[in-house]
Amino acid sequence: MDRELKAGLLWGGGILLLALAASQGRKLDWLDSDMVTRLVIGANGLMIAWYGNRMPKAFLPDACARQVARVGGWSMALSGIIYVGFWAFAPIPVAVVGGCIAVAAGMAVTIGYGLTLRARLRARR
């Protein structure tokens with residue numbers, strides 16, 4: 001089985017186990033519902049940061065593709081960390097908006113950089 005597939009399955013399984021454990025903790029009155037939400041959504045943000053960190057390490061044959069992957073990796077890793085920070089410390093309504101903006105900003109930086117680099121390469125030809 002491919003290493004990346006195993007990692008994805010581990011992330012998915014880990015988040016499911018966390019959700020089940022947090023739900024059980026809620027039923028036992030060990031956790032309140034806000035904490036359950038924050039734990040599960042925070043795990044999603046850590047997954048975004050992890051995959052963002054993995055992006056530049058993936059094999060890409062073209063130097064330009066590696067540049068975009070490097071910028072994308074940094075932007076997604078940072079946006080994932082910011083997302084987790086919102087879900088860990090901000091009120092939930094603020095965390096929803098702030099977290100979505102953080103991830104969208106990371107995606108916009110990656111897409112914008114890719115389009116800019118492509119336009120520069122086309123202008124050189």
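**Helices and their labels**

In H3, the buried residues are Cys64, Ala69, Gly72, Gly73, Ser75, Met76, Ala77, Ser79, Gly80, Tyr83, Val84 and Trp87. This is a predicted model, where local features need pLDDT of at least 70, side-chain atom pairs count only at pLDDT 80 or more, and totals for chains, interfaces and linings use all residues. Residues are numbered from 1 along each chain as its sequence is written, and side-chain values use heavy atoms, with hydrogens and water left out.

Q: What covers the buried residues of H3?
A: The cover includes H2 and helix H4 (92-124). Helices here are DSSP runs (H or I, at least four residues), numbered from the N terminus, and contact means heavy atoms within 4.5 Å.

Q: Why are H2 and H3 called roughly antiparallel?
A: Helix H2 (residues 33-54) and helix H3 (residues 63-89) pack at about 165°, with axes 7 Å apart. The axes are lines fitted to C-alpha atoms over the stretch in contact, and angles run from 0 to 180 degrees between N-to-C directions. Angles over 145 degrees count as roughly antiparallel (under 35 is roughly parallel, 65 to 115 roughly perpendicular, the rest oblique). So H2 and H3 get the roughly antiparallel label.

Q: What residue classes make up the contact of H2 with H3?
A: That contact has 14 nonpolar, nine polar and one charged residues. Ala, Val, Leu, Ile, Met, Phe, Trp, Tyr, Cys and Pro count as nonpolar, Asp, Glu, Lys and Arg as charged, and the others, Gly among them, as polar.

Q: How do you know that H3 and H4 are roughly antiparallel?
A: Their axes come within 8 Å and cross at roughly 170°, so H3 and H4 are roughly antiparallel to each other. By class, the contact of H3 with H4 has 20 nonpolar, nine polar and no charged residues.

Q: What makes the 39 Å reach of H3 close to the expected one?
A: The expected span is 1.5 Å times one less than the number of residues. H3 has 27 residues, and its expected 39 Å is close to the 39 Å from first C-alpha to last.

Q: How do you know that the span of H4 agrees with its 33 residues?
A: At 1.5 Å a residue H4 should span 48 Å, and its end C-alpha atoms are 48 Å apart, so the two agree. The buried residues of H4, including Ala95, Gly98 and Leu117, pack against H2 and H3.

Q: Why is Asp29 called exposed?
A: The cut-offs are on relative accessible area (buried under 20%, exposed over 50%, partly exposed in between; 1.4 Å probe, protein chains only). Asp29 comes out at 62%, so it is exposed. Asp29 sits in the loop between helix H1 (3-27) and H2.

Q: Why do Arg118 and Ser33 count as partly exposed?
A: Arg118, in helix H4, has 44% relative accessibility, so it counts as partly exposed. Ser33, in helix H2, has 40%, so it is partly exposed as well.

Technical notes:
Helices (H or I, at least four residues) and strands (E, at least two) are DSSP runs, numbered from the N terminus.
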